[in-house]
Amino acid sequence: MMPGMFQAADSIGRIHYSRFTVLSEKTLLFLGDFDGELSALMADLAKLAGPVFDTIFQHVNNSPPTPVASNVKAFVDWTASHLVHAVNIYTAYPDATAKEIKAMASAADVSGVGELRPFLVILPIKSKLAFIAVQLLLRARGRGTTKDLNKVGTPHFAQFVPLEDNQLGFFTVYDGSFDKYIADFTKNIGEVFDLIFKFTKNPPPSPCRKHLQEFIDFAAGANRAPIGFYQAYPGLSVQDIHALIADRKSELAAVG
């Protein structure tokens, strides 16, 4: 059913990336990087991607009434009550919407040729107390984490998300190969994971930068498979988008 989901996302125009993934035998996650308010987005998804959610809700406990296209408010209220709030959110281009990026690429006749990948890592934390400590640590490092991810240069979006059963999700969309991403990631933000691993069950050896292959193997093993990876502007790398934004600013400055 993902082609229909992708078509709906294209029509809505405010979703940068989205994907489903299985968290556990009891939970399915829908992850989205989007512009604007959640309620408006979910109302549009109810109207345009209703059959996808109708199918899912056949297997969901205490689901909202279906068809969701005929019960938009109930669907919006249900999704709001089931929203999982990220500890922090990173984007490589915070001032550019999905529509703006697509418009800039079209105006410049630029098409993406790179490969983007989702990275969906679930970390089991040792205890409830450790789970709280990790969240406090990540909140305290908010701006520092943003600076570290900027140095990596390939993540588009990233979130640390507290999940059920004292689990921490780290969800990103990035450019290039997995091994290179993890190597760059370890070099620039490995210290954050060194801290998190102090609270994680069966972590890889630390520090990450001195045990790169072990960290790559651990990350590969912890990575979850996405279901339906939607991209609003396929193949455009972070650097492509930064170049488009810079060119647009130069054009506006020249006109001004």
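How many of the nine residues of strand β4 are buried?

## Strand β4 and its partner

This is a predicted model. In it, strand β4 spans residues 116–124, and seven of its nine residues are buried, which leaves the strand mostly covered. Strand β4 is joined to strand β6, residues 167–175, by nine bridges, and the two run antiparallel. Within this pairing, V121 has F170 of β6 standing opposite.

In a regular strand, side chains alternate between the two faces of the sheet.

## Helix α5

Helix α5 covers residues 98–107, and its buried residues are A98, I101, M104 and A105. These residues sit on the same side of α5 because the arc they cover around the axis is only 130°. The face turned away from that buried side carries K99, S106 and A107, which are exposed.

After α5 comes D109, a residue with a positive phi, near 55°.

## S237 in a loop

S237 belongs to the loop that links β7 (227–231) and α10 (238–255). Is S237 buried or exposed? Its relative accessible area is 15%, under the 20% cut-off, so S237 counts as buried.

Leaving out residues up to four places away in sequence, S237 touches H156 and D175. D175 falls within the range given for strand β6, residues 167–175.

## I189 in helix α8

Helix α8 runs over residues 178–197 and contains I189. With a relative accessible area of 1%, I189 is buried. Which residues does I189 touch, not counting those up to four places away in sequence? They are T145, D148 and L149.

N202 lies 13 residues from I189 along the chain, and the C-alpha atoms of the two are separated by 20 Å.

## A nonpolar surface patch

V22, L28 and I227 make up a nonpolar patch on the surface. Together the three have about 230 Å² of accessible area.

One of these residues, V22, is part of strand β1, residues 15–24. V22 has a relative accessible area of 42%, which lies between the cut-offs of 20% and 50%, so V22 is classed as partly exposed.

Terms used:
Residues are numbered from 1 along each chain as its sequence is written. This is a predicted model: local features need pLDDT of at least 70, side-chain atom pairs count only at pLDDT 80 or more; totals for chains, interfaces and linings use all residues. Side-chain values use heavy atoms; hydrogens and water are left out. Buried means under 20% relative accessible area, exposed over 50%, partly exposed in between (1.4 Å probe, protein chains only). Helices (H or I, at least four residues) and strands (E, at least two) are DSSP runs, numbered from the N terminus. The arc is that of the directions from the helix axis to the C-beta atoms. Contact means heavy atoms within 4.5 Å. Two strands pair if DSSP finds at least two bridges between them. Patches are made of residues with over 30% relative accessible area and no salt bridge: like charges are joined within 9 Å, nonpolar side chains (Val, Leu, Ile, Met, Phe, Trp, Tyr) within 5 Å. Accessible areas come from the Shrake-Rupley method with a 1.4 Å probe; for residues, only the protein chains shown count as cover. A salt bridge is a side-chain nitrogen of Lys or Arg within 4 Å of a carboxyl oxygen of Asp or Glu.
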